[in-house]
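Me: I'd like to go through the labels on this structure and see what each one rests on. Could you show it and then take my questions in turn?

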Amino acid sequence: MSETRQNEKPILGKVIISGILHCETGLHIGASKENLEIGAIDSPVVRDPITREPYIPGSSLKGKMRSLLEKVLALSPNRNGGTQRNPIWRHECDMKEEAKKCKLCRLFGSTGKSGGGNWPARLIVRDAFLTDNSRENLQEIDTGLLYTEWKWENSLDRVTAAANPRQLERVPRGTEFRFEIVYTVEDLDDLNEDLENIDTALKLLEMDYLGGHGSRGYGQIKLRDLKWQIVTIKNGEIKGSLEKENFKEIINTLKTEDNNV
Ligand SMILES: [Zn+2]
């Protein structure tokens, strides 16, 4: 007898949430230190290796949405995502059966522990790239850096109280990125709640910050021109799509048409 895979569900549809991410203040999403050139700025922003343009990695956006939603859902942190010296506690279900029922893990995914099995995320957060307008605008300002600016920031050494000035590179305020999030519809019973939680995470993001140095005012963002599009799939075939300005309109349309995703 051939072994069948458990928990394989047909995909019923996709919800594509797209829009513009507008930087209300300077944005700093740091690049890894390994890529630093000698004599370069102390703390550079992450850039696309091909175009050299700054961008927002989907993983940064997804990680931030996850941590904000985790706090609102009041889930108890059980995993250390940091080190022993600098622990960063977060919630992640150990068993995939739990993850399916967990409002956070079923969206963002979980890695099982002690044979608990992984739960694949229902949410894909794509990398966000500069809009054409922003690229043109940034080409015109001359800061000596490509598409960015830099700023001296002082930090105090906690032991000696000595000032430790360093250069921070940031994407200037007013810059816009095009973002897209894709949610996979696997279970109609979860649809409303999942979309509501994605909506909450996006609203929380606007009240929080993205990237580093948020307490200094960096990374305040606004989401503009938000569109919620649902693509319906039946028996493995794409059936159609409809676009609305918020997820509630999508749910209402699905209910009144009674055509189940
Ligand atoms: Zn969970």
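**Labels and their cut-offs**

Reply: Happy to! E243 has a relative accessibility of 47%, which counts as partly exposed; that class lies between buried, under 20% relative accessible area, and exposed, over 50% (1.4 Å probe, protein chains only). E243 belongs to strand β10 (residues 237-244); strands (E, at least two residues) and helices (H or I, at least four) are DSSP runs, numbered from the N terminus.

Before we go on, this is a predicted model, where local features need pLDDT of at least 70, side-chain atom pairs count only at pLDDT 80 or more, and totals for chains, interfaces and linings use all residues. Residues are numbered from 1 along each chain as its sequence is written, and side-chain values use heavy atoms, leaving out hydrogens and water.

Me: What is the mean confidence of the chain, and where is confidence lowest and highest?

Reply: The average pLDDT is 88, and 91% of the residues score at least 70; pLDDT is the predictor's confidence in each residue, from 0 to 100. Confidence is lowest in strand β6 (residues 149-156), with a mean of 79, and highest in strand β4 (residues 123-125), with 98.

Me: Which residues make up the patch of negative charge on the surface?

Reply: D225, E243, E245 and E249 gather there. Patches take residues with over 30% relative accessible area and no salt bridge, joining like charges within 9 Å. With 47% relative accessibility, E243 is above that cut-off. Asp and Glu count as negative.

Me: Why is the contact between K100 and D190 called a salt bridge?

Reply: The term asks for a side-chain nitrogen of Lys or Arg within 4 Å of a carboxyl oxygen of Asp or Glu. For K100 and D190 the N to O distance is 3.2 Å, so the pair qualifies. K100 sits in helix α2 (residues 96-101) and D190 in helix α5 (residues 188-207), 90 residues apart, so this pair links distant parts of the chain.

Me: Are K100 and D190 buried or partly exposed?

Reply: K100, with a relative accessible area of 23%, is partly exposed. D190, at 7%, counts as buried.

Me: What makes D194 and R106 a salt bridge, and how do you know that they are buried?

Reply: Their closest N and O atoms are 2.7 Å apart, so they meet the distance rule. D194 lies in helix α5 and R106 in helix α3 (residues 105-108), so the pair ties together parts that are 88 residues apart in sequence. D194 has 0% relative accessibility and R106 has 3%, so both are buried.

Me: What does E186 form with R122?

Reply: A salt bridge, with the closest N and O atoms 2.8 Å apart. E186 lies in the loop between β8 (176-185) and α5, and R122 in the loop between α3 and β4, so the pair ties together parts 64 residues apart in sequence. R122 is buried, at 1% relative accessible area.

Me: How many salt bridges are there, and which residues are linked in a network?

Reply: The whole structure has 24 salt bridges. The network links K100, K103, R106, R122, E186, D187, D190, E193 and D194.

Me: Why is S114 called exposed?

Reply: S114 has a relative accessible area of 80%, so it falls in the exposed class. S114 lies in the loop between α3 and β4, and has a positive phi of about 45 degrees although it is not a glycine.

How values were computed
Patch = residues over 30% accessible without salt bridge, like charges linked within 9 Å, V, L, I, M, F, W, Y side chains within 5 Å. Areas by Shrake-Rupley, 256 points an atom, 1.4 Å probe, with all protein chains shown as cover. Charge placed at Lys NZ, Arg CZ, Asp CG, Glu CD.
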